[in-house]
Amino acid sequence: NVDTAVNFAKKQGRNNFQFYTEKLSDDMVRRLQIENGLRRALERGEMQVFYQAKIDLDSGDIVGCEALLRWFSKELGFVSPVEFIPVAEETGLIVPIGEWVLRESLRQLDTWMRAGLPPVRVGVNLSARQFREAELAGKITAILEETGVSAELLELELTESMLVENADEVIQSLWALKGLGITLSIDDFGTGYSSLSYLKRFPIDELKIDRSFVKDIPDSIDDMSITKAIISMARSLEMKLVAEGIETDEQWEFLRDNGCHVGQGYLFAKPLPTSEFFDLMERRRSANDDHGSENEG
Ligand code: C2E
Ligand code: MG
Ligand code: MG
Ligand code: MG
């Protein structure tokens, strides 16, 4: 019986080991496929930028949008940015890809405005790797000039972790970007380790409350307290607030009633391909035009 037990354990151990190595090599294969795919994704036209509306929580107006990258790989199918952005960051491929997202979304904004849409600010996610590039402000200036879009219409979404190292250098880079007229926003706020008093040292215009705090409203009393605290402190520092991931009316009401200005989430609109986002904006505009003429009449 001892023998059987030992054999059993060995067998289990071997199976676990086999399972472990198979899992590991599957992950490694996938990671390599993504890396190789990413190297050619732009030239093969596999990347697209989708746009998600940002809504004024009081009026319901669209006050901006966020550019979100989508990769439709010929070999791998749709790959989520949650999976490929980290690989793009590790390999440095995020630098050309991120530059493409900036150029593409500003070019798109210019096209929309030429088609008669009111200007809205577009938020572009910036990765730590791009932020560390010495020539970032210069590159952005060049893209703004090339697309003819005013810097006031560009917002950069940064993460807390970018502010932690080399604070002095970071403050300099942020001032350089702000000097151009760009809006600076902290994405996923609350998931990192920075406090609001620490953030005060940086020229930040806006905080985006992470979806993890929003998703359990109104069930989680804790998350509601945290959210309220973030809102009231950010307001006292005169920062604008955006809540991510609003999916229900209760969440919308709670955030609005507690002083959050702007929201983003499936309740209002999912990230949409260019033409659908254009249609959404167009519909809103004609709804507003009707309103306007009613009031005038
Ligand atoms: P993020 O910047 O925090 O973007 C918000 C994410 O939440 C997006 O996921 C969006 O589709 C999702 N979302 C929005 N509303 C809702 C909602 O109501 N419910 C739920 N469940 N999700 C919602 P997505 O597009 O998959 O992007 C994931 C992350 O990938 C982004 O998080 C951002 O960190 C990164 N990312 C996306 N595009 C880019 C890019 O061009 N450059 C860089 N560096 N990162 C990007
Ligand atoms: Mg973002
Ligand atoms: Mg976010
Ligand atoms: Mg997030």
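Tutor: The secondary structure of the protein comes to 11 helices and 9 strands; helices (H or I, at least four residues) and strands (E, at least two) are DSSP runs, numbered from the N terminus. This is a predicted model, in which local features need pLDDT of at least 70 and side-chain atom pairs count only at pLDDT 80 or more, while totals for chains, interfaces and linings use all residues. Residues are numbered from 1 along each chain as its sequence is written, chains are lettered from A and ligands numbered from 1 in the order in which they are written, and side-chain values use heavy atoms, with hydrogens and water left out.

Student: What box do the C-alpha atoms fill?
Tutor: Taken along the principal axes, the box is roughly 95 × 50 × 45 Å.

Student: And what percentage of the residues count as buried?
Tutor: Of the 297 residues, 43% are buried. Buried means under 20% relative accessible area, exposed over 50%, and partly exposed in between (1.4 Å probe, protein chains only).

Student: What share of the contacts comes from residues 24 or more positions apart?
Tutor: Such residues account for 67% of the contacts with a separation of 6 or more. Contact here means heavy atoms within 4.5 Å.

Student: Which parts of the chain do N125 and E157 tie together?
Tutor: N125 lies in strand 4 (residues 121–125) and E157 in strand 5 (residues 154–159), so this pair ties together parts that are 32 residues apart in sequence.

Student: Is E157 buried or exposed?
Tutor: E157 is buried, with a relative accessible area of 1%. N125, at 30% relative accessibility, counts as partly exposed.

Student: Which residue coordinates both ligand 2 and ligand 3?
Tutor: That is D187, and the two magnesium ions are 3.6 Å apart. The magnesium ion (ligand 3) is coordinated by D187 (OD), D188 (OD) and E244 (OE), at 1.5 to 2.6 Å. Its donors follow the spacing D-D-x55-E.

Student: What about the magnesium ion (ligand 4): which are its protein donors?
Tutor: D188 (OD) and E244 (OE) lie 2.2 to 2.8 Å from ligand 4. D188 bridges ligand 4 and ligand 3, which lie 3.1 Å apart. D188 lies in strand 6 (residues 183–189) and E244 in the loop between strand 8 (240–243) and helix 10 (249–257), so the pair ties together parts that are 56 residues apart in sequence.

Student: How accessible are D188 and E244?
Tutor: D188 is partly exposed at 27% relative accessibility, whereas E244 is buried at 13%. The backbone of D188 also deserves a remark: D188 has a positive phi of about 50 degrees although it is not a glycine.

Student: Where does N166 lie, and what is its phi?
Tutor: N166 is in the loop between strand 5 and helix 6 (167–180). Its phi is near 45 degrees, a positive value in a residue other than glycine. N166 is partly exposed, with a relative accessible area of 48%.

Student: Which residues does a cis peptide bond join?
Tutor: I217 and P218 are joined by it, with omega about 10 degrees. P218 lies in the loop between helix 8 (211–214) and helix 9 (221–236).

Student: A change of topic: at what angle do helix 3 and helix 5 pack?
Tutor: Helix 3 (residues 94–114) and helix 5 (residues 136–147) pack at an angle of about 30 degrees, with their axes 9 Å apart. Axes are lines fitted to C-alpha atoms, for helices over the stretch in contact, and angles run from 0 to 180 degrees between N-to-C directions. Helix 3 and helix 5 are therefore roughly parallel to each other; angles under 35 degrees count as roughly parallel, over 145 as roughly antiparallel, 65 to 115 as roughly perpendicular and the rest as oblique.

Student: Which residues make that contact?
Tutor: Helix 3 contributes V95, E99, L102, R103, L106, R107 and D110, and helix 5 contributes K139, I140, I143, L144, E146 and T147.

Note on methods
Donors are N, O and S atoms within 2.8 Å of the metal (3.2 Å for Na, K and Ca); water is not among the atoms, so sites may look incomplete.
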